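Student: I would like to learn how to read a structure like this one. Could we go through it feature by feature?

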Amino acid sequence: MQTRIIFVCLGNICRSPAAEGVMQYKVDAAGLQDRIKLDSAGTIAYHAGDRADSRMRSTAKRRGYNLTSISRCLTQKDLGTFDYIVTMDDSNYDDTASLIERHGQTGELVKFTDFCRHHDVSEVPDPYYGGDDGFERVLDILEDGCDGLLDRVRGQG
């Protein structure tokens, strides 16, 4: 059985594509690429068609992650396609919950930080308007949460 996970942030150019890239790295390292399929999307379409933010791409690359996704908006179809709909902050969660309320879903709506074990945070902060340290902090949180999510999907968490 295949598990499908979509990561959701606001514009799909920083946090969610980075989560997708970090998780893909971990899925590949575990040899689970046939069992787990990943995607990412935003709650707005402002950056649709764009690559991930260059600062996020370069920060991720330094850690060995390749961010290849192209920004897109979360769709009604996504709600019925993915087993886990993983949001980065409370606003993304609320916007996605509203979409689900209007259209229904089959996947589980969850907050990314619920999977963190070492970072006591309630949201993945948006680094877009900050400095380089914000992108590093986001990756620290994403690495932590992706480990927890991967364990959950494997039935170990």
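Tutor: Start with a term: a residue is called exposed when its relative accessible area is over 50%, buried when that area is under 20%, and partly exposed in between. Keep in mind that this is a predicted model.

Student: Which residues of helix 2 are buried?

Tutor: M56, T59 and A60 are the buried ones in helix 2, which spans residues 54–62. Viewed down the helix axis, these buried residues lie within an arc of 100°, so they line one face of helix 2.

Student: Why do residues three or four places apart point the same way in an α-helix?

Tutor: An α-helix has 3.6 residues a turn, so residues at that spacing point the same way.

Student: What do the buried residues of helix 2 pack against?

Tutor: They pack against helix 1 (15–29) and helix 5 (132–153).

Student: What is found at the start of helix 2, and what follows the helix?

Tutor: At the start, a side-chain oxygen of D53 comes to within 2.8 Å of the backbone nitrogen of R55. After helix 2 comes G64, with a positive phi near 95°.

Student: Where else is phi positive, in a residue other than glycine?

Tutor: N12 is such a case, with phi near 60°. N12 sits in the loop between strand 1 and helix 1. With a relative accessible area of 1%, N12 is buried.

Student: Let us turn to the strands. How many bridges join strand 1 to strand 2?

Tutor: Pairing is read from the bridges between two strands. Strand 1 and strand 2 run parallel and are joined by seven bridges. One example is I5, whose bridge partner in strand 2 is L38. Of the seven residues in strand 2, five are buried, and the strand is mostly covered.

Student: How many bridges does strand 3 make with strand 1 and with strand 4?

Tutor: Four bridges join strand 3 to strand 1, and the two run parallel. Strand 3 also runs parallel to strand 4 (residues 108–111), again with four bridges. Towards strand 4, T87 stands opposite K111.

Student: Which residues of strand 3 point one way and which the other?

Tutor: Y84 and V86 point one way, I85 and T87 the other, and all of them are buried.

Student: What unit do strand 1, helix 1 and strand 2 make?

Tutor: Here one reads the path from a strand over a helix to the next strand. Strand 1, helix 1 and strand 2 make a right-handed β-α-β unit. Strand 3, helix 4 (residues 90–103) and strand 4 also make a right-handed β-α-β unit.

Student: How many residues are in the largest nonpolar core?

Tutor: A core is read as a set of buried nonpolar residues joined through side-chain atoms. The largest one has 35 residues, and those with the most contacts inside it are I5, F7, M23, F112 and L142. The elements giving two or more residues to this core are strand 1 (3–9), helix 1, strand 2 (36–42), helix 2, strand 3 (84–87) and helix 5. Helix 5 gives the largest share, nine residues. There is also a second, separate core of ten residues, which includes I6, L79, F82 and L109.

Student: What is F112 in contact with?

Tutor: Apart from neighbours within four places in sequence, F112 is in contact with F7, V86, T87, M88, V124, I141, L142, G145 and C146.

Student: And R15: is it buried or exposed?

Tutor: R15 counts as buried, at 1% relative accessibility. R15 is in helix 1. Its side chain makes a polar contact of 2.9 Å with the side chain of D89. Beyond neighbours within four places in sequence, the contacts of R15 include C9, N92, P125 and L142.

Student: Where is S69 found?

Tutor: S69 is in the loop between helix 2 and helix 3 (76–81). At 13% relative accessibility, S69 counts as buried. Leaving out residues up to four places away in sequence, S69 touches P17, E20, S40, D50, R51 and A52.

Methods
Residues are numbered from 1 along each chain as its sequence is written. This is a predicted model: local features need pLDDT of at least 70, side-chain atom pairs count only at pLDDT 80 or more; totals for chains, interfaces and linings use all residues. Side-chain values use heavy atoms; hydrogens and water are left out. Buried means under 20% relative accessible area, exposed over 50%, partly exposed in between (1.4 Å probe, protein chains only). The arc is that of the directions from the helix axis to the C-beta atoms. Contact means heavy atoms within 4.5 Å. A polar contact is a pair of N or O atoms within 3.5 Å; within protein, one must be able to donate a hydrogen and the other to accept it, and residues adjacent in sequence count only if both atoms are side-chain atoms. A nonpolar core is a set of buried Ala, Val, Leu, Ile, Met, Phe, Trp, Tyr and Cys residues joined through side-chain atoms within 4.5 Å. Two strands pair if DSSP finds at least two bridges between them. A crossover is right-handed if, with the strands pointing away from the viewer, the path from the first strand over the helix to the second runs clockwise.
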